[in-house]
Amino acid sequence: MVEIITEVNRLGEIPYMFYYSKADDAAKRPLVIYSHGFNCNQYSGASLALQLAQKGFCVVTYDLSEHGARYNGFMERIESDTDIGNSIFRILESSYLDLESLIEHFSDDPRIDASRIGITGGSLGAKICYYALTRNRSVKVAVPIIGSPNFVEQIIYSMEKENELQFETLAELALLETAKRLDPFESLVATENRPLLMINASKDDDVPYQYAEGLYERLKERYHQSGTPLEFYVADEFHFFSDDMIERAIGWFEKYL
């Protein structure tokens with residue numbers, strides 16, 4: 001039986017939990033950081049974190065900006081789809097900076113092998129993964145789950161528009177510009193070359209799997225030529241973080257991190 005240690009702590013204003021197994025305390029281990037979804041908290045990653053820790057990984061889960069222990073009531077102030085979109089992008093930008101701080105902090109932890117850092121996340125957390133891949137080379141492996149790498153197409157869909165031309169009000173146009181500014185899609189297409197498993201769901205009406213599939217289609221030839229692992233998996237699920245998805249994520253980190 002493997003004993004799992006959980007440490008509850010803060011890095012500045014960032015509440016986090018650190019999971020690791022008690023065995024082989026002297027050995028440096030790979031680190032996986034999990035980013036949760038919109039209107040959730042760090043505990044939504046507990047099952048994944050515990051299972052990864054049993055496999056010998058160190059794992060960090062944390063509350064995204066304005067979530068969990070940092071919740072500031074923003075949900076009560078949302079009055080429109082535009083408000084939701086702005087909240088998502090505001091939280092994404094701020095939480096990415098938190099993720100960056102956690103990576104920097106744990107890279108200096110004597111328990112961590114800083115050359116083996118992976119990231120994963122669900123829904124909004126998956127969007128943070130895609131965004132992070134365009135900005136942080138310390139990340140070696142990524143598993144975004146039920147998320148979209150195409151922020152512009154996703155916001156068009158979420159706003160129930162047919163195309164960009166249907167964004168008409170000043171608020172809608174500002175939201176579209178934010179999506180364009182943050183969108184990692186073309187940067188991923190141009191430069192991404194790390195082991196990447198994208199997991200989506202066939203019945204997902206919140207984040208259709210086609211956006212991740214579009215990235216896979218654009219990446220697969222370069223990945224094939226370089227021999228870098230790339231996989232796109234569509235589960236027979238709704239917008240839900242299933243046991244099957246968790247198992248596949250763990251297997252990917254075991255194999256490539």
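The model is predicted, so local features need pLDDT of at least 70 and side-chain atom pairs count only at pLDDT 80 or more, while totals for chains, interfaces and linings use all residues. Residues are numbered from 1 along each chain as its sequence is written, and side-chain values use heavy atoms, with hydrogens and water left out.

**The whole chain**

Switch to a cartoon view, where the protein chain shows eight helices and eight strands; these are DSSP runs numbered from the N terminus, with helices being H or I of at least four residues and strands E of at least two. Taken along the principal axes, the C-alpha atoms fill a box of roughly 60 × 45 × 30 Å. The radius of gyration of the protein chain is 18 Å, which agrees with the value near 18 Å for a compact globule of 257 residues; the radius is taken over C-alpha atoms, and the globule rule is 2.2 Å times the number of residues to the power 0.38.

Of the 257 residues, 52% count as buried, where buried means under 20% relative accessible area, exposed over 50%, and partly exposed in between (1.4 Å probe, protein chains only). Contact means heavy atoms within 4.5 Å, and among contacts between residues at least 6 apart in sequence, 74% join residues at least 24 apart.

**The nonpolar cores**

Next, select Phe 18, Leu 31, Ile 33, Tyr 62 and Leu 99, which touch the most other members of the largest nonpolar core, a set of 53 residues. Such a core is a set of buried Ala, Val, Leu, Ile, Met, Phe, Trp, Tyr and Cys residues joined through side-chain atoms within 4.5 Å. Helix α2, at residues 81-107, gives the most to this core, with nine residues.

Which residues surround Ile 33, once its neighbours within four places in sequence are left aside? Ile 33 is in contact with Val 60, Tyr 62, Leu 99, Leu 102, Ile 103, Gly 118, Ile 119 and Thr 120. A second, separate core has 28 residues, including Met 17, Ala 49, Leu 52 and Trp 252.

Select Val 8 in strand β1, residues 4-11. Val 8 counts as exposed because its relative accessibility is 62%, and beyond its neighbours within four places in sequence it is in contact with Tyr 16 and Met 17.

Move on to Ala 201, in strand β7, residues 196-201.

Now select helix α3, residues 124-133, which is largely enclosed by the rest of the structure because 10 of its 10 residues are buried; among them are Lys 127, Cys 129 and Tyr 130.

The tour ends at Gln 154 in helix α4, residues 151-158. Gln 154 counts as buried at 6% relative accessibility, and, leaving aside neighbours within four places in sequence, Gln 154 is in contact with Lys 127, Ser 148, Asp 206, Val 207, Pro 208 and Tyr 211.
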